[in-house]
Amino acid sequence: MEKYIKMKDFKVWRCILKGPTRITISLLNGTIVDKNIEEYTDEKFDKVELQERALATLTMALSPEIAQGFCEYTSAKALWEALIEVYEGNEDMKQSRQDMLRQKFNMFNHILGESLETQLQRFITLTTEMNSAEIMVTRSEINKKLLNSLPKSWDMNMSVIKKTKDLNSLSLAETMAIIKACDLDDKQREINHVNSYSTANLRI
């Protein structure tokens, strides 16, 4: 969400970080009070509208169920800080989440009976969570983990990929494309084998 807001409107993002600006006026006795809205200049109105837009931008990025739980916050900065506290937590919570994700990564493996597509999707989800948690893992580590987690029947294909491809330079998407291509080749060979066997039986 943070990257999305920055990309769409830097002024909105800056308003979220800096917080709302009070439109004030100094009285003769030195007291500072909120200025009447009737006395706002166009520039002041722009600031108020920007603050409202920042709050609306954050609110619309939340699901209705989540937004309902944060309806008490009336400024974008307060809402943003509350979201950070709830969903990212303090440093101890961040460290615990990182440790958990690293463990999941180290233990990632094929589940008996699951399809290749399901396994790849699980791996994408895991690496996305790791990236969100700011866990740095090299391309080589990611690619090797994925290849080593493939079913036993993939041993030959896995060895070929490791020997013929530079795992340090391949992105995860490229590695998955190679795996899917191997899977299609295997299925095509199986179909060809079945067709050849059927044709041979017909001739007999």
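1. Does Gln119 count as buried or exposed? This is a predicted model, and in it Gln119 has a relative accessibility of 0%. Gln119 therefore counts as buried, the cut-off being under 20% relative accessible area.

2. Gln119 is part of helix H7. Leaving aside residues up to four places away in sequence, Gln119 is in contact with Phe108, Asn109, His110, Glu114, Ser149, Leu150 and Pro151.

3. Glu134 is not a glycine, yet its phi is positive, at about 60 degrees. Most residues other than glycine have a negative phi. The relative accessible area of Glu134 is 64%, so Glu134 is exposed, the cut-off for that class being over 50%.

4. On helix packing, how do H2 and H5 cross? The axes of helix H2 (residues 10-18) and helix H5 (residues 76-87) come within 6 Å, with a crossing angle of roughly 75 degrees. Angles of 65 to 115 degrees count as roughly perpendicular, so H2 is roughly perpendicular to H5.

5. Which residues make this contact? From H2 come Trp13, Ile16, Leu17 and Lys18; from H5 come Ala76, Lys77 and Trp80. Sorted by class, the contact of H2 with H5 holds five nonpolar residues and two charged ones, with no polar residues.

How values were computed: Residues are numbered from 1 along each chain as its sequence is written. This is a predicted model: local features need pLDDT of at least 70, side-chain atom pairs count only at pLDDT 80 or more; totals for chains, interfaces and linings use all residues. Side-chain values use heavy atoms; hydrogens and water are left out. Axes are lines fitted to C-alpha atoms, for helices over the stretch in contact, and angles run from 0 to 180 degrees between N-to-C directions. Helices (H or I, at least four residues) and strands (E, at least two) are DSSP runs, numbered from the N terminus. Angles under 35 degrees count as roughly parallel, over 145 as roughly antiparallel, 65 to 115 as roughly perpendicular and the rest as oblique. Contact means heavy atoms within 4.5 Å. Ala, Val, Leu, Ile, Met, Phe, Trp, Tyr, Cys and Pro count as nonpolar, Asp, Glu, Lys and Arg as charged, and the others, Gly among them, as polar. Buried means under 20% relative accessible area, exposed over 50%, partly exposed in between (1.4 Å probe, protein chains only).
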